[in-house]
Amino acid sequence: RDAYGNLRVDGSDNYVVTIGNSANQYTGMVNYVGNGVYEATYQVPLAGTYTLSVTANDLPVTLCTSASAPFVSSRKFIGSLAYSHPSHCIDSKGDPIISTELRVTHGKLSGDMSTFTGLASHAAVHAHLNFVIEAKDSFGNLRNGGNSSYGTVVNTGTDDVFVAEFVHLKSGKSQKVDAVALGSGRYSVDYSLVQTGEYSVKVLA
């Protein structure tokens, strides 16, 4: 829109969407779809809390509902600005809101990216052993539970399912053990082996 709230419909404006924090910075793709409307798409591969901001021709864009009912009455000339921002568009200092917090949580479980550590290479028969699995998504983010920016519960950090299978290489006998949730995306496999010899170990997600 221009300074008076009129739509700019020629599609010539340069919009840039930036999502970043102290460690990572990403830029969205913006396309003009017509009638003064631009569509932004973006992907953030790493979970965390980010700041999202938009600029138009290098000027900050107010992240606010456009001037429409019931806020259209606030659009008036006040002597210094052609457009007077409605109350929901300004912060506690009276400045226009030009950024917002974006909370990115992990994605769906990926067996390929999940890892386990602490598996013993040698053990005695009937010894109590364990190793720990870390559940991760396809980008390597730990599935430690949490909510999206919209309040949607995406995972509790305890609801993934893993099964460890130990196969005795000589006899072919198989022993399966269910992993137990430790919380925060970590799971413990507690086991003991009853037959001497070498085993192959496989973890199924």
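Gly34 stands opposite Val37 in strand 4. The structure is a predicted model, in which local features need pLDDT of at least 70 and side-chain atom pairs count only at pLDDT 80 or more, while totals for chains, interfaces and linings use all residues. Residues are numbered from 1 along each chain as its sequence is written, and side-chain values use heavy atoms, with hydrogens and water left out.

Five bridges pair strand 3 (residues 29-34) with strand 4 (residues 37-41) in the antiparallel sense. Strands are DSSP runs of E with at least two residues, helices are runs of H or I with at least four, and both are numbered from the N terminus; two strands pair if DSSP finds at least two bridges between them. The hairpin of strand 3 and strand 4 has two residues between the strands. Most residues other than glycine have a negative phi. At 56% relative accessibility, Asn35 counts as exposed (buried means under 20% relative accessible area, exposed over 50%, and partly exposed in between, with a 1.4 Å probe and protein chains only).

## Strand 1 and its two partners

Strand 1 (residues 15-20) runs antiparallel to strand 5 (residues 48-56), and six bridges join the two. Within this pairing, Tyr15 stands opposite Ala56 of strand 5. Strand 1 is also joined to strand 2 (residues 25-27), again in the antiparallel sense, by three bridges. Gly20 has Gln25 in strand 2 as its bridge partner, and four residues lie between the strands of the hairpin that strand 1 and strand 2 form.

## Two loop residues

Asp58 lies in the loop between strand 5 and strand 6 (59-60). Its phi is positive, near 70°, in a residue other than glycine. Asp58 is exposed, with a relative accessible area of 68%. Although 43 residues separate Asp58 from Tyr15 in sequence, their C-alpha atoms are 7.9 Å apart in space.

Ala135 lies in the loop between strand 9 (129-134) and strand 10 (146-147). In terms of accessibility, Ala135 counts as buried, at 0%. Leaving aside its neighbours within four places in sequence, Ala135 is in contact (heavy atoms within 4.5 Å) with Leu109, Ser114, Asn141, Leu142, Arg143, Asp160, Phe162, Gly185 and Tyr187.

## The protein as a whole

The protein has zero helices and 16 strands. Of its 205 residues, 25% are buried. Among contacts with a separation of 6 or more, 61% are between residues 24 or more positions apart. The accessible surface comes to about 12800 Å², of which 52% belongs to carbon and sulfur atoms; such areas come from the Shrake-Rupley method with a 1.4 Å probe, and for residues only the protein chains shown count as cover.
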